[in-house]
Structures are given as C-alpha cells and as structure tokens.
Amino acid sequence: LRAPRRVSTALEFLREVLVSEHLGDVIVLPDGVKLLGLSEKEVMPKDLLQALDASSSVKELLRYFQKDEKLLTKYKAGVEYVDQHGEQRGALPKERRNLRGRINEVLRLVDAGEVDPESLYVAEMRLLEAIQHPIDGELVKTVCQRDVKDVMGPLASWTFYWDRHDEGVFIGNRGSG
C-alpha cells in the first residue's frame, strides 16, 4: 500500500490532476475545500443553505423540508436509513420524484420507533428539473453552483468526466450512510 501524496496549494493540486502521473495514487490537499473555493457557502443554493443552517440533524432537516412547499417541489432525493438488522433501506424507492412522500414515510417510521433517527441520510439530492448552470449555462440537475469543473475552467475537458449534469449531494448525521 502506497502512502497518499500530499500537496499544499490549490495550484499544486491542479497540476497533479492535470499533468502528473497519478494513476493508482491518492492526492491529498489538506483544507482543499477552502483552498479550491468549494465551501458550502460557495457551492450550495441559498434555500438549501438556509435549511441546513436551521437543522442540527437529518430528522430536523426533513421536518424543515416537510413545511416548505418550494423545497419539496424543487428537489428530489433518496431518503434512507439503516433498519434494525443493519440493512440500508430507502423510503419509497420506486417513487424517485416524490420527495414529499419519501420524507413523510421515513418520518412516520421514526415517529413509530421503527427507525433510529440518527441513521437517517439524504442521498443523491439534486434538482427535480434541469436548469442552466449559473457559471457556464450547461443544462444540469446538480444543486452545486460551483464545483471542480469550474475550478479547472476550460482545462476540465482535458481530464476526467466531471458529472455536473446529474451529480447528487449527500447529507447525513455523523456515522450515517
């Protein structure tokens, strides 16, 4: 097992990604989210930031969403938990576009004592309908308003496939998911 390679600046990280031989390596940029300009406040939409700031757990976040019609009709996501047998489960897995129903079902299970609220997490949250990305106008469903593709600029097309169209955000309690 090889040790990860550490870099200390955003420029070094981008050089590693763009032109270095890194196949099979792990490149670590400590505090990279901050150094690359990808903090929560720089990336997440205001309505989602407000919901996150108002919630101290996934259960509280789901209750917040439950009360906000705009959020329920703007986003889609899996609402998941770990059952009493340690198995990962999703609420209403066949109803991909029914965030309201998924939230209602998992909170019903929590309220009935059938699901530990600490095991809750939101999986693959994205926009229900595609919009033009605020930076390059690409048609996307991602909730992220900025990502690695934007950090790399026009050089992004010469590297990995950065899935911005349908990438999802995960939100969980400590140890969930």
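Guide: A polar contact is a pair of N or O atoms within 3.5 Å; within protein, one must be able to donate a hydrogen and the other to accept it, and residues adjacent in sequence count only if both atoms are side-chain atoms. This is a predicted model, where local features need pLDDT of at least 70, side-chain atom pairs count only at pLDDT 80 or more, and totals for chains, interfaces and linings use all residues. Residues are numbered from 1 along each chain as its sequence is written, and side-chain values use heavy atoms, without hydrogens and water.

Visitor: How far is the backbone nitrogen of Val58 from a polar atom of the Asn173 side chain?

Guide: Asn173 sits in the segment after β8. Helices (H or I, at least four residues) and strands (E, at least two) are DSSP runs, numbered from the N terminus. The Asn173 side chain also reaches the backbone oxygen of Glu118, at 3.3 Å. Its distance to the Val58 nitrogen is 3.0 Å.

Visitor: Is Asn173 buried or exposed?

Guide: Asn173 touches Ser57, Pro117 and Leu120, among others, not counting residues up to four places away in sequence; contact means heavy atoms within 4.5 Å. Buried means under 20% relative accessible area, exposed over 50%, partly exposed in between (1.4 Å probe, protein chains only). Asn173 has 10% relative accessibility, so it counts as buried.

Visitor: Which arc do the buried residues of α5 cover?

Guide: Val58, Leu61, Leu62 and Phe65 are buried in α5. They lie on the same side of α5 because of their arc, taken from the directions from the helix axis to the C-beta atoms. That arc is only 100 degrees.

Visitor: What angle does the direction of α5 make with that of β5?

Guide: An open sheet runs β4-β3-β5-β8, with antiparallel pairing; two strands pair if DSSP finds at least two bridges between them. β5 and β8 pair over 3 bridges, and Tyr121 stands opposite Gly172 in β8. α5 packs on this sheet, touching β3, β5 and β8. Axes are lines fitted to C-alpha atoms, for helices over the stretch in contact, and angles run from 0 to 180 degrees between N-to-C directions; here the angle is about 40 degrees.
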